[in-house]
Amino acid sequence: MSRRMRPSTKELAAWDHQYLWHPFTQMKEWEAEEPVIIERGKGAYVIDTEGRRYLDGVSSIWVNVHGHRHPDLDRALRVQLGRIAHSTLLGLSNPPAIELARALIRLAPSGLTRVFYSDDGSTAVEVALKMAIQYWQQRRPRAGPKRTFVNLKLAYHGDTAGAMSVGNIELFHERFHPLLFPTLRADPPYCYRCPLKLTYPSCRMACLEPIERVLKARHTEIAGLVLEPLVQAAAGMITSPPGYLRRIRELCTTYDVLLIADEVATGFGRTGRMFACEHEGVTPDLLALSKGITGGYLPLGATLATERIYEAFLGEYGEWKTFFHGHSYTGNPLGCAVALANLAVFRKERTLAKLRAKTSTLTVLLRSLAGHPHVGEIRQCGFMVGIELVKNRATREPFPLEARVGHRVAKEARARGLLLRPLGNVMVLMPPLSATRADLQRMVSILGTAIAATLPSTRG
């Protein structure tokens, strides 16, 4: 029997253009370019079908943690495959799902006690929203409906209908408004472009005042407040000032509103702690997780809840207090097994302890970019970095999105061996936590060269 040869890069590119529809991609433009087709990976590098190596500057869209082909994670998958790939969690259970739930609760902020699995970050947020609505119905049905959410402008929480409803990136969401439910929106703590025209810290976080007014006036109808702790990632790595998250927690407690923390992007070490909420000693009522949960190996989502929320769903069968929500792959054993191995690697390799020095190194390296006349602001929280490129640094005038400045810089970086995925005019750098100092130095060097090549250093 003849062994079929692997398709050539040319054949794969042709089939890609003929059959695939890529996410967040203008396909007319895509079809005019030769695609980079990633075939392998090792550590901080990915390798295409032609053998070219690229530094993975965005952790394969913020999911890879310990590098590609980590032996412990590979082994965990193989061992679990030798047992079973999938078994439903509807009416049954499985060891990896049980053990992972226990491990997550032991790591999570104190007070979170229950884990509900889903498939990805968007569905983890969707679960939290539905839990919040049903919780209030069952906890105090005679008090009237609490079914409205407060969310921040520029937020991104995923692409399912509920997650889009509490998001506010118009470019992504405006076409789908007929599908979405209304929310109460507040300005984010975007200090570089403060909507109140104030300056931190003299502003004393005045952006919190409108949020408090809304909660005070309408708390009887508000089920929850949704936010990404410390960093609004897809908004352009917008970092909140110290104390902002803690104050949000206090307001939610005062006005009896659930705090829903979306740590899909910020969780699993990205900010320097296992969870971003830890930086300010905050326990949310509901916590959505995904991305780094499996170290970048398999899709898996989890929503963590307090015991108070869990108990509101307990009752006799005929009371219909059950949370009627689930997914075919809920608690998938393969995903849970590799997630357990991912957490074990954090302990074994002292990932978070080592990250402190590497974060400081990254901070120093990024200073080399600050002098470029088109670098408006460099925002960093741990290994999450956003470099906002502007047309005029003095006035902070942005480049028009149609100019594709971020895309052009990313293409220059790719030609030099660094893969990036910008957010409009913001260059995102989010290396795997395992990246070495040499990796970081090369990433920042290439990025600086790409910015200089794309945007010559002429003032104005």
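Reply: Start with Asp285, which counts as buried at 7% relative accessibility. Buried means under 20% relative accessible area, exposed over 50%, and partly exposed in between, with a 1.4 Å probe and protein chains only. The model is predicted: local features need pLDDT of at least 70, side-chain atom pairs count only at pLDDT 80 or more, and totals for chains, interfaces and linings use all residues. Residues are numbered from 1 along each chain as its sequence is written, and side-chain values use heavy atoms, with hydrogens and water left out.

Me: With which residue does Arg249 form a salt bridge?

Reply: A salt bridge is a side-chain nitrogen of Lys or Arg within 4 Å of a carboxyl oxygen of Asp or Glu. Here Arg249 forms one with Asp285, the closest N and O atoms being 3.1 Å apart. Arg249 lies in helix H10 and Asp285 in the loop between strand E10 (258–262) and strand E11 (286–289), so the bridge ties together parts 36 residues apart in sequence. Helices (H or I, at least four residues) and strands (E, at least two) are DSSP runs, numbered from the N terminus. Arg249 is buried, at 14% relative accessible area.

Me: How far apart are the closest N and O atoms of Asp285 and Arg308?

Reply: They are 3.6 Å apart, and the two residues form a salt bridge. Arg308 sits in helix H11 (residues 307–311), so this pair ties together parts 23 residues apart in sequence. Arg308 is partly exposed, at 35% relative accessibility.

Me: How many salt bridges does the structure hold?

Reply: There are 20. One of them joins the side chains of Glu212 and Arg247 (3.6 Å, N to O). Glu212 is in helix H9 (residues 208–218) and Arg247 in helix H10 (residues 244–254), 35 residues apart. A network of salt bridges links Arg193, Glu377, Arg379 and Glu388.

Me: What is the strand order of the open sheet?

Reply: Two strands pair if DSSP finds at least two bridges between them. The seven strands run in the order E4-E12-E11-E10-E7-E5-E6, with mixed pairing. Strand E4 (112–118) and strand E6 (184–186) stand at the edges with a single partner strand each, so one side of each has no neighbour in the sheet.

Me: Which strand do six bridges join to E4?

Reply: Strand E12 (residues 301–306), and the two run antiparallel. Within this pairing, Arg114 has Ala305 in E12 as its bridge partner.
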